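Subject: Structure handover

Hello,

Please find the structure below, passed on to you for reading. Notes on what was found in it follow.

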Amino acid sequence: MAQVSELGQLEDGEDERPKWDNKVQYLLSCIGFAVGLGNIWRFPYLCQTYGGGAFLIPYFIALVFEGIPLFHIELAIGQRLRRGSLGVWMAISPYLGGVGLGCFTVSFLVSLYYNTVLVWVLWFFLNSFQHPLPWSTCPLDLNRTGFVPECQGSGTVSYFWYRQTLNISADISDSGTFQWWLFLCMVACWAIVYLCVIRGIESTGKAIYFTALFPYLVLTIFLVRGLTLPGAAEGLTYLFTPKMQTLQNPRVWLDAATQIFFSLSLAFGGHIAFASYNPPSAVSALLFCLCRNILSLINEFDFPEQSIPRDDYPTVLLHLNATQPERVARLPLKACHLEDFLDKSASGPGLAFIIFTEAVLNMPGATGWAILFFGMLFTLGLSSMFGNMEGVITPLLDMGILPKGIPKEALTGLVCLMCFLSATCFTLQSGSYWLEIFDNFAASLNLIIFAFFEVVGVIYVYGMKRFCDDIEWMTGQRPGLYWRMTWYVVSPLLLLSIFLAYIILLAHKAPSYKAWNPQYEQFPLKQEKLYPGWVQVICVLLSFLPSLWVPGVALAQLLCRQRQKWKDAQLESGLKLQNGRHC
Amino acid sequence: MLWPLFFLMTAIHAELCQPDAENAFKVRLSIRTALGDKAYVWDTNEEYLFRAMVAFSMRKVPNRGATEISHVLLCNVTQRVSFWFVVTDPSKNHTLPAVEVQSAIRMNRNRINNAFSLNDHTLEFLKIPSTFAPPMEPSVPIWIIIFGVIFCIVIVAVTLLILSGIRQHRRNTKGPSGVDDTEDKCENTIAVENGIPCDPLDTKGGHINEVFLTEEERLTPL
């Protein structure tokens, strides 16, 4: 994350800086902060939006030319200068102080919606303690003669996610009411975050062994399970065959570049996990679709039970269509294609929840697996959330906003309270749409801008030679050609081009979103809607306001210097006059 | 003499029980789906049982005359197994209204299902929707219980941490003032040389001279 520089230097304002107990703890902490919901939640849904394999190409390019060089810079400069994120930039150049403030703002915005995803995870975790799992059946309708029609149309898991968890509205301007169950979970989540942040790095250093390694264990189990189910091969080939035309969309590159900030090089685990879940559920949906069609045929024509095997279905359908087309036309036969199920099973922020809950349903001992999985997801997100909060709290401590008498616990409590109150807007019925907006706009553009200034600031302002000397002093090795090339030329250029392409794209095409509307004709497909004007304004503000710190602070510094020079000049001329008088 | 009557009866029966006739219901059975290997063959005896169950359901309706098995007519039996049936009144001239038959069958659906070892899905009365059993819901949803437990643990932990933090803070503020007191008391008796009290120089522990602290120890080794 852009706030990873905190890893190099820790508690501020104390004489004795705490340090990691050993190298393993430090490495695991890096992994723990880097691996988070970004891998398991964000990466799969981005991957699916851009058609599977094609997303990996820009992701790897961004990783090699932007992610790893940037990560190295942040760790090295943080360790060398041993200051908080504000202090580092002030030390490099006073004009770059805005980068630190901007990172602080972005951390705040990201922590708001990141914790909301944790709230959802907590909700699923709490609901996993029952058998059968609540998302395995549809609720009955009012006169108990059938299932609720919305659930029948969309499937039990989607219904549980969109209706019973989010109670989503059909449009973003329709805010609806606060969902009390999500509100309660949010209170609990922020309380847990506060509990972890009170003591800071000393406690998480111990917990990190578990929270960083446990997810990999669970994911491996899921992967093995997924690969042994039928249809895994088809699904995987589908996912890994890239659709090259998606690479022309600058948004793919932007999302790949920013995904780096959310999950550094460890998204592979999430992608493979996603690949292993999607095929089995898609294949079972396909089989279910075929069976339903066959049953319709058998019932209509009164064929004996089980007389049409699945493989014979196409030939039988053809024969019947030729002989009695009117009767066949009356039947509600749906076309069953595997691609449809792989494409449209789920999308957006709910993808991970829908896919994983469906995968868990098909496992024996579903309750245990669900508890395990959502518990793991919660610890993953919590460790990353901790990094976010440090990115908010440490600059506040550096700036010295609160007087010395007030203890650190009060400051962290205040910060958590403010974040909690701001994040309650995500518990509204349109909360999921707002979360998508925050995810798409708050982080992406700003992080690109800050990354650009980081690279330029360290390499050009601090000086490449000085930086290389520092690294040699710290590690004993001078950075090689790859590092110097990427730092000098490739990274800044890549970032700049992505930024420009994105601006052009935004001006060219209005952003849209997919709404869950039961009244839509093609339900359960989501309805594509454009954002209303006021929402577009908010998107633009989110994208640019945090970056305004950079020119703002530079300008303020410039004005300050000018005033200082003017004051000095005045003082000098005043002294000369005085001296002159005493000649 | 009886033959024309017989033909008349069958003709009337044929009229009363027809697919899509008024007050007629289609029934569909999926015996093999339900029972697999233990599926029984559908023959006239099973049909007799069915007619008996329908007659039984009609008899259970209060204020209705006794319905006999012969009043229930079956027709169009297919291999599926599916067929149509109607319930006639004692005069066998017209059929009973569909609404009555529907409510009677719904009341005794369970008994009919059990007689054939089938359930609502495998013994379907088209146009007679079955009532699902209400789901088992505990009075307090389980997730609230778990939530309460977790929340209480978190609140207790936060309170403990805050209290220990306050205690440590108080100890820190008391500590240095305690040391000052002893120093004041000892000052009168401490020997002074060049302005430096001798005592610290004699202590075995000594001071750590930071000049000789290597950079290695300050930074976590990479």
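The area buried between chain A and chain B of this predicted model is about 3600 Å², and carbon and sulfur atoms give 66% of that area. Buried area here is the accessible area, taken with a 1.4 Å probe, that two parts lose on being put together, summed over both. Across this interface the rule finds zero salt bridges (a side-chain nitrogen of Lys or Arg within 4 Å of a carboxyl oxygen of Asp or Glu).

On the side of chain A that touches chain B, at least two residues each come from α1 (23-34), α5 (97-127), α8 (180-199), α12 (267-301) and α20 (444-475) of chain A. Helices are DSSP runs of H or I with at least four residues, strands are runs of E with at least two, and both are numbered from the N terminus. The largest share of that side, twelve residues, is supplied by α8(A). Sorted by class, the side of chain A that touches chain B has 22 nonpolar, nine polar and eight charged residues. Nonpolar covers Ala, Val, Leu, Ile, Met, Phe, Trp, Tyr, Cys and Pro; charged covers Asp, Glu, Lys and Arg; the others, Gly among them, count as polar. In terms of contact (heavy atoms within 4.5 Å), 39 residues of chain A meet 40 residues of chain B.

Next, chain B by itself. Its domain assignment, of the automatic or database kind, gives domain 1 (13-125) and domain 2 (137-172). The centres of these two domains of chain B, taken over C-alpha atoms, are separated by 62 Å. An unreviewed UniProt entry places the feature "transmembrane region" at residues 140-163 of chain B; such annotations may be inferred rather than shown by experiment, feature names are shortened, and positions are in the numbering used here. Over residues 140-163 the chain is 92% helix and 0% strand, with the end C-alpha atoms 34 Å apart.

Some backbone details remain. The peptide bond from His131(A) to Pro132(A) is cis, with omega near -5°, and Pro132(A) sits in the loop between α5 and α6 (149-154) of chain A. Asn167(A), not a glycine, has a positive phi of about 50°; its place is the loop between α7 (156-165) and α8 of chain A. In chain B, Ser117(B) also has a positive phi, near 55°, and lies in the loop between α5 (109-115) and β4 (123-125).

On conventions, residues are numbered from 1 along each chain as its sequence is written, and chains are lettered from A and ligands numbered from 1 in the order in which they are written. Local features need pLDDT of at least 70, side-chain atom pairs count only at pLDDT 80 or more, totals for chains, interfaces and linings use all residues, and side-chain values use heavy atoms, leaving out hydrogens and water.

Regards
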